[in-house]
Amino acid sequence: MSAFGFHGCYLRIDVSHGSVERIPLPEAVLRQFLGGSGLGAWLLLNEGQAASEPLAPGAPLVFAFSALVGSPLTTSAKFAVVSKSPLTERFNDSLASSGFALSGKRCGCDAIVVVGRAPSLSVLVVDDGRVRLEDASDVRGATCEVTEGTLRGRFGSEYRIASIGPAGEHAVRYATISHDGRHAGRGGSGAVLGSKNIKAIALRGTQRTEWAHPGELAAYSKELSQRSFGPATAKYRELGTAANLLTFNRFGTLPTRNFQSGTFEEAASLSPDQLRVAREKTRAGCVACTIGCEHIYPVGDTGVRVEYESLFALGSLCGVGDRQSVLLASRRCDELGLDTVSAGGTIAFAMECVERGWLDAPWLTFGSGEAVLRAIDLIGGREGLGSLLADGSRRAAHAIGHGSIAIAPQVKGLEIPGYEPRALQTMALGFAVGARGADHNRSGAYEVDFSNKVNRRHATLDAVRHAIETEDKAALMDSLILCKFLRGVFEDFHAEAATMLQLVTGWDATADELRETARRIVTAKRQFNLLAGWTPAEDTLPERFLDTPLPNDPAAVLSRDRLGDLVAEYHRQREW
Amino acid sequence: MLASPSAFGSNGEWAGSMQVEFLGIPRERAGVSTLEVHATTLGQLLGQLAADIPALAELITDDRLHPALAANLNGDRFVSDPQTPLDEHDCLLILSADAGG
């Protein structure tokens, strides 16, 4: 086992008994799967529970770190949360950032696997590798922020806390796990943690790993940090992802009113210009990050970090152009521990069902910010209509009937993020084939659509290899782990990734090896899905997106046959 | 209205006025959302922008955009060749290349 970068083991914690095993991780596994999502996929497969119920005690929940965590490389303080999703019942990996990653790795492990169910609502405390359960009744029902503050007060400021909000306690299928205001957001990992009767995980540790070439690593890291201040990251630093909203609206790719249109007449009111005019903002960033992408807008007495996905999902997708409502809705999702994309997508779906007379909730109308806020609260507490919506748009559609599944904006059960598939057809392919469902983080295919490589309104088979490249690159970044906002800084990402691994681990890693590693990781996710019951019929888009032009852009049509051809070509090139 | 050094292209032909629309960081740098520019090619247009808007100059080199930016013609196709012909009826959108999140 290389002595550099890794501890060479993981902790397997059974919260039914508060017991812990320290299990060795072969170097071959670490080299083949790296860390983060890759290591999480391997551990999940190794647990052999792909066919189990996601919320059953035996279902594993993995927190995976990597060799780069704790190094001076910018954006490397990240961790992956990997499990079977209660929303999709397929593979799910979500990432979050900051001190929890550093503390987790300092517990002397490369990953933590949690199984079992605690006898009562508990805090799982991992103290330098020693494990115990503590009562969490005093934070039952508390928001993520309150939980974290309370527990740091109880255990000490050296602890780092990841917690669920009320949504996770109520098993909302898209509940998040939150740390320091950032969320492992998609796919419902918060519900998985809640099903184990764990309100929060508190970590502290002292065990650091060594680096193979510390002097060279420091020099390389410094140079990379300097590059991270340049034009490639300017958008994130100066405007945040909120800048996407006007761009997408201009291109007719801004999902509006449950994907009924690609333009929103009130888009300008949600743009960074207007958010800035309406409120002062501040910036923040994760630990060990030089980009500082977080733009925080005051709302009430507090602040809310707003990303494009929240602006679209709680704004244009629900027909809401009122800035205050969207900021409040985003803030409320953070408090409850809810994925904003799935929350907005499910609410928007319900709004259209009301409009069509399929759902009796006359207050839930497009354009009503008040309705969005009310729906979010109902979902978070699983009350009334919220109990239906807490299960996501796919399950809600099956319950509502009337053929509403045709307009449920999801793939494999995961609600579609803010990219209109008919006008971004390489992205449409990425959505259809993604292991965890419709996802813009696991497939960066929209970058292909926003380039001269393809015709975004008429994807041909040429687009497939580009989609695969972005998927592989995302898998590699999620396993190294590095923030994708850094991606534009690299001229040759694979070569530089190999350099980073050489300097940290001492491995003679190469760019070609890492390309192969990326493909292996994507295949591992597919392997898990096969064991979980995946069928080819899942790799598609809802009826709404097929054979019908986008109303605001008649040239944007994705035929069922063409999507089928693209998907088939994807499988052929993947050699699956 | 952006005043062009010459309303004629380098080959002496009349360079009609076309619209440039800025999105994202280019808008932030330019300080405006739209401009009218006289140009017959993409390279000529970018050269004029670099000359007339200093805040954009660091993002334009040798009549080409920095890789962090992209140019799209009429919302239809992305263009990068400085020799790309432009018509007075065209609208060139200049945006951040990483359009997503």
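**Close-up 1. The surroundings of A:L429 in a predicted model.** A:L429 touches A:A445, A:A459, A:A463, A:V464, A:A467, A:L566, A:V567 and A:Y570, leaving aside residues up to four places away in sequence. The model shown is predicted. Its scores are ipTM 0.89 and pTM 0.96.

**Close-up 2. The largest nonpolar core.** This core holds 219 residues. A:L429 is one of those that touch the most other members, together with A:A64, A:A111, A:I112, A:L245 and A:L338. Helix α19 of chain A, residues 462–480, gives the core its largest share, 9 residues.

**Close-up 3. Chain B from end to end.** Chain B has 101 residues, and 40% of them are buried. It contains 3 helices and 7 strands. Read from the N terminus, the elements follow the order β-α-β-α-α-β-β-β-β-β. Among contacts in chain B with a separation of 6 or more, 53% link residues 24 or more positions apart.

**Close-up 4. Confidence along chain B.** The mean pLDDT of chain B is 85. A value of 70 or more is reached by 84% of its residues. Over residues 1–7 of chain B, the pLDDT is below 50. In the model, this stretch has 11 contacts beyond near neighbours in sequence.

**Close-up 5. The open sheet of chain B.** Which strands form the sheet, and in what order? The order is β2-β1-β7-β5-β6, 5 strands in chain B with mixed pairing. β2 (34–38) and β6 (77–79) of chain B stand at the edges. Each has a single partner strand, so one side of each lacks a neighbour in the sheet. Direction ignored, neighbouring strands of this sheet are turned by 35 degrees against each other on average. Strands of a sheet pair through backbone hydrogen bonds, in parallel or antiparallel fashion.

**Close-up 6. Strands β5 and β6 of chain B.** Strand β5 of chain B covers residues 69–73. How many bridges join β5 to β6(B)? There are 3, and the two strands run antiparallel. B:L73 has B:R77 in β6(B) as its bridge partner.

**Close-up 7. A helix across the sheet strands.** Helix α2 of chain B spans residues 42–52. This helix lies across β1 (17–22), β2, β5, β6 and β7 (91–96) of chain B. Helix α2 runs at about 120 degrees to β2(B).

Note on methods:
Residues are numbered from 1 along each chain as its sequence is written. Chains are lettered from A and ligands numbered from 1 in the order in which they are written. This is a predicted model: local features need pLDDT of at least 70, side-chain atom pairs count only at pLDDT 80 or more; totals for chains, interfaces and linings use all residues. Helices (H or I, at least four residues) and strands (E, at least two) are DSSP runs, numbered from the N terminus. A residue is buried if 20 or more other C-beta atoms lie within 10 Å of its own, exposed if 12 or fewer, and partly exposed in between; C-beta atoms are placed from the backbone. Two residues are in contact if their C-beta atoms, placed from the backbone, lie within 7 Å. pLDDT is the predictor's confidence in each residue, from 0 to 100. A nonpolar core is a set of buried Ala, Val, Leu, Ile, Met, Phe, Trp, Tyr and Cys residues joined through C-beta atoms within 7 Å. Two strands pair if DSSP finds at least two bridges between them. Axes are lines fitted to C-alpha atoms, for helices over the stretch in contact, and angles run from 0 to 180 degrees between N-to-C directions.
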